[in-house]
Amino acid sequence: MTGTQPLRTPGEPTLRPPGGTTRGLAGDTARRAPGGRWRAGPRLRKLLLLLHIAAAGAWLGIDIVLGLLVLAAFAPGDDLGAAAALTSIGHFATWPLAAVGLLCLASGVLLGLGTKYGLVRYWWVAIKLVLNVVLVTLVIAALGPGVRELAEAARASLTDGRALPVLTDLAFPPVVSTAAVLFAMTLSVFKPWGRRRRTARKDHRGREFRRSAS
């Protein structure tokens with residue numbers, strides 16, 4: 001008879017898939033691998049992927065806006081426009097850029113931990129992780145303080161008529177960051193270089209197991 005459950009002897013244990021399941025975010029199912037490793041369910045994985053793509057797109061957009069503002073700041077003969085551009089850069093290059101970078105990092109880490117790719121199991125994932133950490137660190141530790149000083153000097157030139165601050169290496173951050181984000185996006189699409197070799201610790205465990213089993 002169709003639609004009926006197979007008969008089970010009383011007291012017979014119910015078969016379950018290895019790893020088991022737990023209810024997760026938005027009604028999704030978060031799974032555990034046979035080794036006890038957490039795996040994100042389909043809906044949670046799609047949500048994390050959406051956040052990751054949105055954060056990366058916002059990061060790239062802010063970098064492009066920063067590049068255009070830097071070009072406006074370097075434009076000759078328009079001190080008022082240059083001061084306004086530097087003031088706007090002070091707002092864009094601090095917490096908005098750091099926020100999307102941290103969101104991209106957090107969603108990427110959760111995607112790595114919740115899928116088969118891991119954090120350092122594949123070369124392209126490990127390189128993306130290093131790029132994200134380095135760029136966010138540079139934004140918070142180096143770019144933010146320097147840009148805030150330029151923005152304050154630009155506001156002083158607008159209100160008090162002071163000379164514009166000297167622009168030195170302001171053109172490099174948006175160029176480098178844009179190139180790095182585009183490179184990370186390329187890695188996500190093409191996934192080159194394959195899987196990294198297993199660590200020496202895992203290989204050593206494997207050899208010990210084979211010796212004890214032989």
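Visitor: How many helices and strands is that?

Guide: The chain has 6 helices and 3 strands.

Visitor: How confident is the prediction overall?

Guide: The mean pLDDT of the chain is 81. At least 70 is reached by 75% of the residues.

Visitor: Which elements have the lowest and highest mean pLDDT?

Guide: Helix 6 has the lowest mean, at 45. Helix 3, residues 95-114, has the highest, at 96.

Visitor: And where is the pLDDT below 50?

Guide: Residues 208-214 are one such stretch. Beyond near neighbours in sequence, that stretch has 0 contacts in the model.

Visitor: OK, burial. What share of the chain counts as buried?

Guide: Of the 214 residues, 31% count as buried. The accessible surface comes to about 14,200 Å². Carbon and sulfur atoms account for 65% of that surface.

Visitor: What about contacts between residues 24 or more positions apart?

Guide: They make up 64% of the contacts in the chain with a separation of 6 or more.

Visitor: Let's do helix packing. How do helix 3 and helix 4 cross?

Guide: Their axes come within 10 Å and cross at roughly 155°. Helix 3 is therefore roughly antiparallel to helix 4, since the angle is over 145 degrees. Helix 4 covers residues 123-160.

Visitor: Left-handed or right-handed?

Guide: The crossing of helix 3 and helix 4 is left-handed.

Visitor: Which residues meet there?

Guide: From helix 3, Leu 97, Ala 98, Gly 101, Leu 102, Cys 104, Leu 105 and Val 109 take part. They meet Leu 129, Asn 132, Val 133, Val 136, Val 139, Ile 140 and Leu 143 of helix 4.

Visitor: Zoom in on Leu 129. What does it touch?

Guide: Leaving aside neighbours within four places in sequence, Leu 129 is in contact with Leu 105, Val 109 and Leu 119. Leu 119 is 10 residues from Leu 129 along the chain. Their C-alpha atoms are separated by 7.4 Å.

Visitor: Is Leu 129 buried, partly exposed or exposed, and why?

Guide: Leu 129 counts as partly exposed because its relative accessibility is 25%. Buried would need under 20%.

Visitor: Next pair. What are the angle and axis distance for helix 1 and helix 5?

Guide: They pack at an angle of about 155°, with their axes 9 Å apart. That makes helix 1 roughly antiparallel to helix 5. The crossing of helix 1 and helix 5 is left-handed.

Visitor: Which residues meet between those two?

Guide: Helix 1 contributes Ala 56, Gly 57, Trp 59, Leu 60, Asp 63, Ile 64, Leu 66, Gly 67 and Val 70. Helix 5 contributes Pro 174, Ser 177, Thr 178, Val 181, Leu 182 and Met 185.

Visitor: Take Met 185. Which residues does it touch?

Guide: Met 185 touches Ala 56, Gly 57 and Leu 60, not counting residues up to four places away in sequence. Met 185 and Ala 56 are 129 residues apart in sequence. C-alpha to C-alpha, they are 8.1 Å apart in space.

Visitor: How accessible is Met 185?

Guide: Met 185 has a relative accessible area of 27%, so it is partly exposed.

Visitor: Switching to His 52. Where is it found?

Guide: His 52 is in helix 1, which covers residues 42-74.

Visitor: Buried or exposed?

Guide: Buried, because its relative accessibility is 12% and the cut-off is under 20%.

Visitor: What does His 52 touch?

Guide: Not counting residues up to four places away in sequence, His 52 touches Cys 104, Ser 107, Gly 108, Leu 111 and Lys 128.

Visitor: Last topic, backbone. What is the phi of Lys 191?

Guide: Phi of Lys 191 is near 50°, a positive value in a residue other than glycine. Most residues other than glycine have a negative phi. Lys 191 sits in the loop between helix 5 (172-190) and helix 6 (200-213).

Visitor: What about Trp 193?

Guide: Trp 193 has a phi near 75°, also positive and also in a residue other than glycine. Trp 193 is in the loop between helix 5 and helix 6.

Visitor: How accessible are Lys 191 and Trp 193?

Guide: Lys 191 is partly exposed, with a relative accessible area of 36%. Trp 193 is at 52%, so it counts as exposed. The cut-off for exposed is over 50%.

Methods:
Residues numbered from 1 in each chain as written. Predicted model: local features only at pLDDT ≥ 70, side-chain atom pairs only at ≥ 80, totals over all residues. Heavy atoms only, no water. Helix = DSSP H or I, 4+ residues; strand = E, 2+ residues; numbered from the N terminus. Buried < 20%, exposed > 50% of the residue type's maximum accessible area, 1.4 Å probe, protein only. Contact = heavy atoms within 4.5 Å. Areas by Shrake-Rupley, 256 points an atom, 1.4 Å probe, with all protein chains shown as cover. pLDDT = per-residue confidence, 0-100. Axes fitted to C-alpha atoms, helices over the stretch in contact; angles between N-to-C directions. Parallel < 35°, antiparallel > 145°, perpendicular 65-115°, else oblique. Left-handed = near helix turned anticlockwise from the far one by under 90°.
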